[in-house]
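Please open the structure in the viewer and keep the selection tool at hand.

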Amino acid sequence: MKLSITLSLALAGACSAFALAPGTTVRNTAAVGTAFDKPSAFVQHNPQHRSTTALSVATATASSDAIQTTRGGGATGFDIPLLIYFTLWYVGNYYYNISNKLALKATGGAAGFPMTISALQLGIGSLYGIFLWLAPDARTKPKVTMDDLIKMLPVAFCYAGAHSASVFSFSAGSVSFGQIVKASEPAFAAVLSQFVYNKPVSKAKWLCLPIVIGGVILASVNELDFAVSALVSACIANMFAAVRGNENKKLMETEGLKDRIGSVGNQFCITSILGFLLSIPFVLVKEGSRFGEFVEAFKTVPALRSNMIASALWFYGYNELSTMTLKKTNAVTQSVANTAKRVIVIVGVALVLGESLDFMKLLGCGIGIGGVFLYSIIDSIVKPKAAST
C-alpha cells in the first residue's frame with residue numbers, strides 16, 4: 001500500500017470542490033446544498049510498512065439522483081468532476097484487488113478464511129456507510145419501510161454471494177486469472193435474460209459470446225496459478241452478479257421505492273448491510289469452528305489486519321463511486337470504462353503481485369475483454385445499419 005494519505009485527501013477534496021463546477025445543473029438545491037460541504041475520509045494507518053492506506057472517495061457526494069451533470073464541462077468541453085470520478089473509481093478498484101489478495105495470503109489463501117474476510121469486508125464497509133448517515137450534513141437517511149427491506153433481500157443475497165465467490169476465487173488462484181474469468185459475466189447475463197427473465201438477447205450479442213468464452217479458455221491454457229476451484233468460484237460470482245442485475249431492475253420498478261431510498265449511496269449501503277447479515281450464517285457453517293483462530297491472527301498478523309480493513313473500505317468506496325460515475329455517462333462510455341478498468345486491474349495487479357503474464361494469457365485476456373466490449377456495443381452498431389437499409 002503505497003498510496004499516501006495526502007494524495008487521497010487531495011483527490012477527495014478535488015472531487016468535492018469540482019462537484020458543482022461550471023457545466024453542472026443543480027435540480028434540487030435544497031436536497032444537495034450540504035452534500036459537498038464536508039468530504040468524508042476513513043483512513044487506516046500501518047506504521048510497520050511506513051505507508052498509509054486510505055479511503056477517501058468523497059462518497060458523501062453520491063446523491064446522484066439530486067444532481068444531473070450536463071455533458072460538456074463548460075467552455076472547454078472537458079468534464080473535470082467526471083474525470084476525477086473515473087480516477088478514484090480505477091484507483092479504488094486497483095488497490096482493493098491488491099489489499100484483498102494480501103489479506104487472503106496472510107491467512108493461507110483458500111485454506112484460510114476467505115468467507116470470513118469477505119463477510120467482514122461487507123460489514124466494515126457498512127459501518128462507513130452508516131457513519132455517513134450519522135455525520136452532520138453528510139448524507140440524508142433513507143425512509144424505507146420493512147416491506148422495502150424484504151423486497152431488497154434477493155438483491156442483497158446475490159450481492160453477498162457474488163462478493164464471497166469472487167474473494168474465494170482470488171484466494172484459490174491469481175487475481176489476474178480471476179478477473180479474466182469475471183470479465184465473461186455477459187455470457188451468464190445473456191443466458192439468464194433469455195431463459196429465466198424472458199428478456200430476449202439479440203442474435204448479434206449471442207455471436208459475441210464465443211469470443212468471450214474463447215478468450216477465457218486461451219487465458220487458462222498456460223495459467224501457472226490455475227485452480228479448478230478458482231475457475232468455478234469466478235463463474236459462480238458471475239452467475240450471482242447476473243441475477244443481481246436482473247433482480248435490481250425489477251426492484252427499482254417498485255412504486256415509490258427510489259424516492260424512499262433517496263440516493264445511489266443509500267441503496268448501496270442498505271444492500272451492503274443486508275448482504276453482511278445474510279453472510280453471517282454461511283461464515284458460521286464454513287469457518288465458524290475456526291473463528292477463534294481468525295481472531296488470534298487478526299490480533300497478531302499486521303498484514304491481515306491492515307489489508308482486510310483497507311480492502312473493505314476500498315471495496316465499498318469504489319463500488320459506490322463506480323455506480324455514481326456510470327450514471328453520468330452513456331452506454332458506449334460505460335463499455336469503454338469497464339473494459340479499460342479490467343485491463344488496468346489485470347495488468348497492474350499482476351505486475352505488483354508478481355503473477356504470471358505470459359503471451360497466451362495476455363492474448364486470451366485481450367480477446368476475452370475485447371469480446372465483452374463488442375458485446376456491450378454491438379446492438380448500437382447493428383441497429384443503425386439495419387435501419388438505414
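Which helix gives the largest share of the nonpolar patch? The model on display is predicted, and in this model helix H15, residues 359-388, supplies that share with 3 residues.

Begin by selecting Ile211, Phe359, Leu363 and Ile367, which together make a nonpolar surface patch of about 350 Å².

The tour now turns to charged pairs. Side chains of opposite charge can pair when their charged atoms come close.

Select Asp147 and Lys151, whose closest N and O atoms are 3.5 Å apart in a salt bridge. Both belong to helix H5, residues 146-172, where a spacing of 4 residues separates them by about one helical turn. Asp147 is partly exposed at 43% relative accessibility, and Lys151 is partly exposed at 37%.

Next, select Asp148 and Arg260, a salt bridge with its closest N and O atoms 2.6 Å apart. This pair links distant parts of the chain, for Asp148 is in helix H5 and Arg260 is in helix H10, residues 257-261, 112 residues apart. Asp148 is buried, with a relative accessible area of 2%, whereas Arg260 is partly exposed at 26%.

Finally, select Lys286 and Glu287, which form a salt bridge with the closest N and O atoms 3.8 Å apart. Is Glu287 buried or partly exposed? Glu287 is buried, at 0% relative accessibility, while Lys286 is partly exposed at 47%.

Note on methods:
Residues are numbered from 1 along each chain as its sequence is written. This is a predicted model: local features need pLDDT of at least 70, side-chain atom pairs count only at pLDDT 80 or more; totals for chains, interfaces and linings use all residues. Side-chain values use heavy atoms; hydrogens and water are left out. Patches are made of residues with over 30% relative accessible area and no salt bridge: like charges are joined within 9 Å, nonpolar side chains (Val, Leu, Ile, Met, Phe, Trp, Tyr) within 5 Å. Accessible areas come from the Shrake-Rupley method with a 1.4 Å probe; for residues, only the protein chains shown count as cover. A salt bridge is a side-chain nitrogen of Lys or Arg within 4 Å of a carboxyl oxygen of Asp or Glu. Helices (H or I, at least four residues) and strands (E, at least two) are DSSP runs, numbered from the N terminus. Buried means under 20% relative accessible area, exposed over 50%, partly exposed in between (1.4 Å probe, protein chains only).
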